[in-house]
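Subject: Structure handover

Hello,

Here is the structure I said I would pass on. My notes on it follow below.

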Amino acid sequence: MPKGTGWRFSLIGIFVLLSFLFLTPTLVSKLPGWWGGLFPQDKIHLGLDLQGGTHLVMEVETQKAVEGSLDLVATDLEDTLTSKNLHFKRIARSGSDKVSLLLYEKGTAEAVQKLIKDKYPSYEQSPTFDEGGFVAFTLSMNAKDAQDRKDKAVQQALETIRNRIDQFGVSEPTIQREGINHIVVQLPGIKDPQRAIELIGRTARLEFKMVREDISPSSGTIPDDAELLKEKTTDPATGAVTEIPIVVQKKSMITGDLLTDAQVRIDSQFNQPYVGIEFNNLGAKLFDQVTAANVGKRFAIVLDNNIHSAPVIRERISGGSAQISGSFTEKSAADLAIVLRAGALPAPVKIIQNVTVGPSLGQDSINKGLYAGLIGVLLVVAFMAVYYKLAGLIADLGMVLNILYLMGALAALGATLTLPGIAAIVLLVGMSVDSNVIIFERIREELKLGKTPKAALDAGYDKAFLTIVDSHVTTLITAAVLFQFGTGPVKGFAVSLSLGVIINLFTALVGTKVIFDTLMHKGTAKTMSI
Amino acid sequence: MEILGKTNIDFIGKRNISFVISAIISIIGIIGIIQIGRGAANMGIDFSGGTAMQLKFSQPFAIGDARAALHKHGIAKADLQEIKDGNMLLVKMAGAAVGKPSEMVQEAFKKEFAGNPFTVESSTEIGPSIGDKLRKDTLIAVAISLLGIILYIAWRFDFKFGIGATLSTLHDVLAMVAIFYLLNKEINLLFITAVLTIAGYSLTDTVVIFDRIRENLHKNLKGSLHSIFNGSINEVLSRTIITSVTTFLAALSLFLFGGEVIHDFSLALLIGIGVATYSSVFVASPIVVLLEDRALAKSSAGAKA
């Protein structure tokens, strides 16, 4: 062997070994026991477009979280002022960023303002003004606190969604925050995407409110402290939905954040599923008090502002457990239990992107992509062999090395392979022989000038070198931009393309060169098969 | 084997013809881009927002019936496309909100095609805010990659070459848009990916020729600019063609066998490879010659005065 080829052959060999090593977890479905911590575990993941699944982008309506905080402040102020005997006309959130207070007298207003300053120092108060003979002022969250509240809401939503998905049971889900108020969820291989989406996207705010039997739902006027909600029931046989309007107390007696557990149980009498809930200490105490004080009255179980049911309190319920029954299927009961356990979202979420690919389409894409790839490779291999003879075969060998290294690198990075990613690999097959084409054409020119094969070979590689580097860098620039801006499938394309281009530089300048060097090292060859 | 022996084609001399052809293509491309900006082109829902579904029915169906079924349930503005292979139907509804439309379509077919059950092979729902963001991001991506390319070429060669390379790359981008616009093919994210890929590919083609021109300019200080440029293009012509052939073969197999999802993507690649090959020979170098001629004329005019 000529000098200087040894290390190059070793390098090629080492890379081949490494590629196979990294590809093993991808190719072997069950790794043997001795494949311990030392060996690579990462494998090439299939993108959602290949294995089927759902990709969701959700927007957290963060302003609603701010509104929720303001509502709490308003309720708390109502209670505090009442207990301190400070008379007020109305305290309520107005718009999405203020609490407005309406009081009878200037004196009380001043007392209240001082009280608020102590209790909610970070809130900003407006000067008092006159509103229809009353004294009014408003309270608003300062900008930084509002931002914090929004930020926290997204963080909490992320945690809650992660909880729900874990309990729902999806293997290898991805749940990430993106930008200011977006959450990206990927659920690979999910069978019932619609159900999962409903489960994730539900706010699941559970409230218990007293029914106001004294106000007829059909009467146009509803007092400030009450609201009109609807009880929706679906007939399991016909699927027809009926809506019954019910007037309830605006203020909730108990809310879902006082729950410690929720489980599906089956009613032994009617064989109907229901959701059994457990309150924490505070919840249990409240529930005990409320039921004791209101025996014979109805209370409404309100979920996301829809009345789930409005049963009559038959007796005082102590012990802190209750049940939510209704027209459940086993699935819907299980889903309700999950969302109650995982907790409510701090603000509603809106699904702004939903890409779902069925598993059969994914498999179909894999098959077609591989088939197209195989044919592409064969066509190029055949073309090169016919056109450049032995040299063409060496270029083909370089191309195969190229693909092997690329797959190895993808596995080592734990990259995700998408259909456009497969397309990039197939395209690379065509482009990767380009370096060799540039070199071969150069060698042919040098041969025509009458150089010996050895001299022509060296001159060909030397002169082609800069051209090849230039051409690779330009492709890398676009691939890098694609990677930076692309999402999902496009990113996969960019990853395959840029890795392929870099690897190609190696196989063209080192890989195939060393074979030629070995064949030609004596410098006595009269002809060259090119 | 050799397809081309030694050639001596006057590429630069044909620049009047090629410039006219390229100008027409570019103008159509610009019209296409304006239409895309106005939202009047066939935009993919990843840019326009909306819902796209692929349904697989168990039995053959008439597309007219499908349209009637949707119409009956109040879905008037839907693009329907049938894929004969496997009783598939593509439904596209632009600009609609997330969630509702897909449910409505499924409801409609459940009721009207009761005897022909279907499965949802894939569904994509994109809210309008995402589409807007994506459109902006894409414009930035295209702009940045073009800028990166100009800078690199300007650094490696000189400014005139940079202009030639950029204009010919821009020409390829416009040509791809023009052809997709004329064929009324969907402009979506995959198309943009194809365009950027071809931008890189076209540049590679151009750089290879430029490299040779530079080399010959250093070697040969006597020949006219025309003959050096022409000679260089002819010298690398077989490389230009061979590489186009191999890449074309690979893209062709994607086009023929890669399946519906990347069908238009591979079509864009095929068109792009053709256009890029043409532009590296007929657009990039002639532009540089034109610029050099002008600079020369100016300096000699200056010398006379």
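**Domains**

Chain A is assigned three domains: domain 1 (6–50 + 360–520), domain 2 (63–145) and domain 3 (202–356). The bounds come from an automatic or database domain assignment. This is a predicted model, in which local features need pLDDT of at least 70 and side-chain atom pairs count only at pLDDT 80 or more, while totals for chains, interfaces and linings use all residues. Residues are numbered from 1 along each chain as its sequence is written, and chains are lettered from A and ligands numbered from 1 in the order in which they are written.

The C-alpha centres of domain 2 and domain 3 of chain A are 30 Å apart. Their contact takes 5 residues from domain 2 of chain A and 5 residues from domain 3 of chain A; two residues are in contact if their C-beta atoms, placed from the backbone, lie within 7 Å. On the domain 2 side, helix H3 (residues 62–83) of chain A gives the largest share, 4 residues. Helices (H or I, at least four residues) and strands (E, at least two) are DSSP runs, numbered from the N terminus. That side of domain 2 of chain A divides into 1 nonpolar, 2 polar and 2 charged residues. Ala, Val, Leu, Ile, Met, Phe, Trp, Tyr, Cys and Pro count as nonpolar, Asp, Glu, Lys and Arg as charged, and the others, Gly among them, as polar.

Chain B has domain 1 (12–42 + 130–299) and domain 2 (50–126), with C-alpha centres 39 Å apart.

**A sheet in chain A**

Strands E14, E15 and E18 of chain A form an open antiparallel sheet in the order E14-E15-E18; strands pair if DSSP finds at least two bridges between them. Its edges are E14 (259–267) and E18 (321–324) of chain A, each pairing on one side only. The twist averages 30° from one strand to the next. Helix H8 (residues 330–342) of chain A packs on the sheet, touching E14 and E15 of chain A, and its direction makes about 170° with that of E14(A). Axes are lines fitted to C-alpha atoms, for helices over the stretch in contact, and angles run from 0 to 180 degrees between N-to-C directions. E15 (residues 272–279) of chain A is joined to E18(A) by 4 bridges, and Val275(A) stands opposite Ile324(A).

**Between the chains**

In the interface, 56 residues of chain B are in contact with 53 residues of chain A. On chain B, strand E4 (118–126) and helices H5 (128–156), H7 (189–219), H9 (237–257) and H10 (263–304) each supply at least two residues. H9(B) gives the most, 13 residues. The chain B side has 28 nonpolar, 22 polar and 6 charged residues.

Strand E19 (residues 349–357) of chain A pairs with E4(B) in the antiparallel sense over 5 bridges. Gln353(A) has Ile126(B) as its bridge partner.

**Helix packing in chain B**

H5(B) and H6(B) pack at about 150°, their axes 8 Å apart. H5(B) is therefore roughly antiparallel to H6(B), a term used for angles over 145 degrees. Their contact has 9 nonpolar, 3 polar and no charged residues.

The axes of H6 (residues 159–182) of chain B and H7(B) come within 9 Å and cross at roughly 145°. Residues in this contact include Phe161(B) and Phe180(B) of H6(B) and Phe191(B) and Phe210(B) of H7(B). By class, the contact has 11 nonpolar, 4 polar and 1 charged residues.

Regards

Terms used: Angles under 35 degrees count as roughly parallel, over 145 as roughly antiparallel, 65 to 115 as roughly perpendicular and the rest as oblique.
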